[in-house]
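Here is a short report on one protein chain. Keep the picture open as you read.

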Amino acid sequence: RGLGVGGQRLYGSDLLVARSVLLIIETGESPSTIMIENIDSEEHKSQAFNLDDGSSIFTEITHTDRAEIISVKGRVFLHNCTNLSLSAALEHNRNIDSLGVCQAGDFGKLQKAAA
């Protein structure tokens, strides 16, 4: 076994169907659901999602030889050590939502822009 032309296949390497993942995130009163379609696609390696309570989470998919690892993060820290103010935005489904402005010299302080 495994001595034929072409070598060995890894488990699941012959899968032809797109794989998806449903995440259920508990946020206060009601859970938010997130569907990540086709987790093998390059464009889904890192994504941002808006939850029902107005907060955002970030997912990153890492592929290993034997597993797919989905990291979920709910917090981003900005460290602005420059003399320039930096604007932070979140892109989701081709929409850009402003997160605010990190003023020059502020370390981790994000000021939300007025809506």
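## Overall make-up

Helices and strands are DSSP runs: a helix needs at least four residues, a strand at least two. With that in hand, look at the chain. The model is predicted. The protein chain has seven strands and zero helices. Read from the N terminus, the order of elements is β-β-β-β-β-β-β.

The protein chain has 115 residues, and 21% of them are buried. Its accessible surface is about 9100 Å². Carbon and sulfur atoms account for 51% of that surface. Now take contacts between residues at least 6 apart in sequence. Of these, 21% link residues at least 24 apart.

## The nonpolar core

Which residues make up the largest nonpolar core? There are ten: V21, L23, I25, I34, I36, I39, F49, L51, I57 and I61. Three strands, β1 (21-27), β2 (30-36) and β4 (56-63), each give at least two residues to this core. β1 supplies the largest share, with three residues.

Pick out one core member, I39. Set aside residues up to four places away in sequence. I39 then touches R19, S20, V21, I61, H63 and E68. Of these, V21 and I61 are also members of the core.

## A three-stranded sheet

Now turn to the sheet. Three strands form an open sheet, and their order is β3-β4-β5. The pairing is antiparallel. β3 (46-50) and β5 (68-73) are the edge strands. Each has a single partner strand, so one side of each has no neighbour in the sheet. From one strand to the next, the twist averages 25°.

How many bridges join β3 and β4? There are five, in the antiparallel sense. S46 stands opposite E60 of β4. The two strands form a hairpin with five residues between them. In this hairpin, G54 has a positive phi near 95°.

β4 and β5 are also paired in the antiparallel sense, over six bridges. They too form a hairpin, with four residues between the strands. H63 stands opposite E68 in β5. E60 has S71 in β5 as its bridge partner. E60 also stands across from S46.

## Two residues in the sheet

S46 is found in strand β3. Is S46 buried or exposed? Its relative accessibility is 54%, so S46 counts as exposed. Leave out residues up to four places away in sequence, and S46 touches T59 and E60. The C-alpha atoms of S46 and F58 are 7.3 Å apart, yet these residues are twelve apart along the chain.

T59 lies in strand β4. Is T59 buried or exposed? T59 has a relative accessible area of 1%, so it is buried. Neighbours within four places in sequence are again set aside. T59 is then in contact with L23, I36, K45, S46, Q47, F49, S71 and V72.

## The cysteines

A disulfide is a covalent bond between the sulfur atoms of two cysteines. How many disulfides does the structure hold? It holds zero. The cut-off used here is 2.5 Å between the two sulfur atoms. For C102, the closest cysteine sulfur is in turn that of C81, at 8.8 Å.

What about exposure? C81 has 59% relative accessibility, so C81 counts as exposed. C102 has 1% relative accessibility, so C102 counts as buried. The cut-offs explain both labels: buried means under 20% relative accessible area, and exposed means over 50%.

Conventions. Residues numbered from 1 in each chain as written. Predicted model: local features only at pLDDT ≥ 70, side-chain atom pairs only at ≥ 80, totals over all residues. Heavy atoms only, no water. Buried < 20%, exposed > 50% of the residue type's maximum accessible area, 1.4 Å probe, protein only. Contact = heavy atoms within 4.5 Å. Areas by Shrake-Rupley, 256 points an atom, 1.4 Å probe, with all protein chains shown as cover. Core = buried A, V, L, I, M, F, W, Y, C linked by side-chain atoms within 4.5 Å. Pairing = 2+ DSSP bridges. Axes fitted to C-alpha atoms, helices over the stretch in contact; angles between N-to-C directions.
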